[in-house]
Amino acid sequence: LDAVVVQEGQEKFVVFPLGTAAAGGAVTRPSEWRRLTNLGASGLRFGLIIGLCALGLTLVYGTTGLVNFAHGELITFGAIAAWYLNTWGLPLAAAAVLAAGAGAVLGAGLEAGVWRPLRRRRTGTVALMVVSIGIALAARNIYLVIFGGNPRSYRQYAVQRPWEFGPLQITPKHAAAMLISLGVLTAVAWWLERSRTGTAVRAVSDDAELAEASGIDTQRVLVVVWVLGTALAAFGGVLLGLTQSVQWDVGLRLLLLTFAAVVVGGLGSPAGAMAGGLVIGLVSELSTFWIATDFKDVVALAALVVVLLVRPQGILGLRERVG
């Protein structure tokens, strides 16, 4: 490449070719198989993070019937909280745990201060959704004022040399994000199936009135669901900031795909949210092998339409009888 000279007071735009320099200065592009393999790994990572966020959203919907449009801002909260904690000197692992804990406290506060009083007043579902939109707009502007509009990275692990496994190239932080997401999803799935509280959550999701008549403290279950759902969203935001960057609207950009994952998997189904997240993440990233990156969200939403045409209740949703 020719040398680039930049003089004071003059702007210079430089285009760098991507690939490996071969003999004679030519640039070799990655093979199609190598590129497809790496896109698949990227889609798996992205899908696991979406599944983590979608799990919190579907738990809230399953127990309360609320479609929470402020869920994206809960994701952003976790990313920004971890960034500040990490910048102040805490290791990123500790910052992530504290950010998830702060998200859990925020969820408990929203349940006690907003959603519980509205439920006692028998506020309708549509009105609750409008309230969630208002909370989302307020939180988003607060983030913009406090955090600013520029994307930022965590103090640790910003630049890493990728590991190579044959055609696959993956950085340690991306591999860690995949393993952590998978571990958290597995732990929550086990908790829902095996623990007493998890069984109560599933009972309330199936029939809240019957669960209450059976002696289940539904109010306690709702608090647990909001705490867990918000903590999962905040932790998903931390992992998203680790693999991409931390921005004031990072949750907003993920919200539509999170909704898509919930619908694809089956409304109210925790296992479906995980499966839907994987489908949306893989389709979104693999589509860039054939089309421009700008259209990958469009392809993911098109996959949502195809799934609903074939199976209207979602991948793991239950068919409901109407009549």
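These are my notebook entries on a predicted model of one protein chain.

**Entry 1: the chain overall**

I started with the secondary structure. I counted eleven helices and four strands in the protein chain. Next I looked up burial. Of the 323 residues, 42% count as buried. Then I checked how far apart in sequence the contacting residues are. Among contacts with a separation of 6 or more, 73% join residues 24 or more positions apart.

**Entry 2: the largest nonpolar core**

Which residues touch the most other members of the largest nonpolar core? I found Tyr154 and Ile280, in a core of 70 residues. Helix α1, residues 32-64, gives the most to this core, with eleven residues.

I followed Tyr154 further. Leaving out residues up to four places away in sequence, I listed its contacts. Ala79, Ala82, Trp83, Asn86 and Leu92 are among them. The list also includes Gly237, Val238, Gly241, Leu242 and Val246.

**Entry 3: α6 against α8**

I turned to a helix pair. Two packed helices are described by the angle between their axes and the distance between the axes. Helix α6 covers residues 196-206 and helix α8 covers residues 218-243. Their axes come within 10 Å and cross at roughly 105°. An angle of 65 to 115 degrees counts as roughly perpendicular, so α6 is roughly perpendicular to α8.

Which residues make the contact? From α6 I noted Thr197, Ala200, Val201 and Val204. From α8 I noted Thr218, Arg220, Val221, Val224 and Val225. By class, I have six nonpolar, two polar and one charged residues in this contact.

**Entry 4: Val201**

I picked Val201 from helix α6. Its relative accessible area is 2% and the cut-off for buried is under 20%, so Val201 is buried. Its contacts, not counting residues up to four places away in sequence, are Leu59, Thr63, Trp191, Leu192, Val221 and Val225. I also checked Val201 against Ala211. The two are ten residues apart in sequence and 9.3 Å apart in space, C-alpha to C-alpha.

**Entry 5: Thr63 and Leu59 in α1**

Val201 touches both Leu59 and Thr63, and I looked these up next. Thr63 is found in helix α1. Is Thr63 buried or exposed? Thr63 is buried, at a relative accessible area of 11%. Beyond four places in sequence, Thr63 touches Val201, Val204, Ser205, Leu222 and Val225.

Where does the side chain of Thr63 have a polar atom 2.9 Å away? I found the backbone oxygen of Leu59 at that distance.

Leu59 also lies in helix α1. Leu59 is buried, with a relative accessible area of 4%. Setting aside neighbours within four places in sequence, I found Leu59 in contact with Leu192, Val201, Val225, Leu228, Leu232 and Pro270. Leu59 and Val225 are 166 residues apart in sequence. Their C-alpha atoms are 6.4 Å apart in space.

**Entry 6: Leu66**

I finished with Leu66. Leu66 sits in the loop between α1 and α2, with α2 covering 71-87. Leu66 counts as buried, at 3% relative accessibility. Its contacts, leaving aside neighbours within four places in sequence, are Val60, Tyr61, Trp115, Leu128, Met129 and Trp226. I checked the spacing to Met129. Leu66 and Met129 are 63 residues apart in sequence and 6.7 Å apart in space, C-alpha to C-alpha.

Technical notes
Residues numbered from 1 in each chain as written. Predicted model: local features only at pLDDT ≥ 70, side-chain atom pairs only at ≥ 80, totals over all residues. Heavy atoms only, no water. Core = buried A, V, L, I, M, F, W, Y, C linked by side-chain atoms within 4.5 Å. Buried < 20%, exposed > 50% of the residue type's maximum accessible area, 1.4 Å probe, protein only. Helix = DSSP H or I, 4+ residues; strand = E, 2+ residues; numbered from the N terminus. Contact = heavy atoms within 4.5 Å. Axes fitted to C-alpha atoms, helices over the stretch in contact; angles between N-to-C directions. Parallel < 35°, antiparallel > 145°, perpendicular 65-115°, else oblique. Nonpolar A, V, L, I, M, F, W, Y, C, P; charged D, E, K, R; others polar. Polar contact = N/O pair within 3.5 Å; in protein donor to acceptor, adjacent residues only side chain to side chain.
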